Amino acid sequence: MPSILLLNGPNLNLLGTRQPEVYGSETLEMVERSCVQHATSLGLDLVCMQSNHEGALIDALHAARGTHDGIILNAGAYTHTSIALMDALFSVALPAVEVHLSNIHAREEFRHQSYISRAVIGQICGFGSQGYLFAIDALARHLSGEANTE
Ligand code: CA2
């Protein structure tokens, strides 16, 4: 069974506790549960992890090589700053989808830049937690060879 790593970055452990108008009212646990359910329904295994630490996220990406077949990453604010995370994504050479709950392009200027987007097959943003489900669909298609993404 193909396996996907769902990786969430800094502050996303606080989902559902503040700023529901921006990030929704579901907790990370709720989001992860529906992702596992959706992946299972598509015949995929999905493993979830969250960290507030850049190095731990990089370690998780390195460990994904040989363990998982694809990656879904919401790197939180590291999206806009971390060349190290971008390099780690390139180095593992697994298909990855970038997800953001909010539409980062409609927000402050500093959120428009994503280092992560250079290393992924695509970016999904602005659809709240549904974006993770879209990312699972996209990876499922990609892994099955049906998609026309590289
Ligand atoms: O829209 C997204 O998913 C973001 O990756 C979320 C990051 C933000 O820095 C990015 O620009 C866009 C922030 C996550 C903060 O999450 C919280 C959730 C609830 C309460 C407080 C923070």
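A salt bridge is defined here as a side-chain nitrogen of Lys or Arg within 4 Å of a carboxyl oxygen of Asp or Glu. The structure is a predicted model, in which local features need pLDDT of at least 70 and side-chain atom pairs count only at pLDDT 80 or more, while totals for chains, interfaces and linings use all residues. Residues are numbered from 1 along each chain as its sequence is written, and side-chain values use heavy atoms, with hydrogens and water left out.

The structure holds four salt bridges. R107, E108 and R111 are linked in a network of such bridges. R111 counts as buried (under 20% relative accessible area; exposed is over 50% and partly exposed in between, with a 1.4 Å probe and protein chains only), its value being 17%. E108, at 34%, is partly exposed.

Another salt bridge joins R33 and E29, at 3.4 Å, N to O. These two residues are four apart in helix α2, and therefore about one helical turn separates them. Helices are DSSP runs of H or I with at least four residues, and strands are runs of E with at least two, numbered from the N terminus.

In α2, L28, V31, E32, C35 and A39 are buried. Seen down the helix axis, the buried residues of α2 fall within an arc of 95 degrees, taken from the directions from the axis to the C-beta atoms, so they line one face of the helix. On the other side of α2, E29, Q37, T40 and S41 are exposed.
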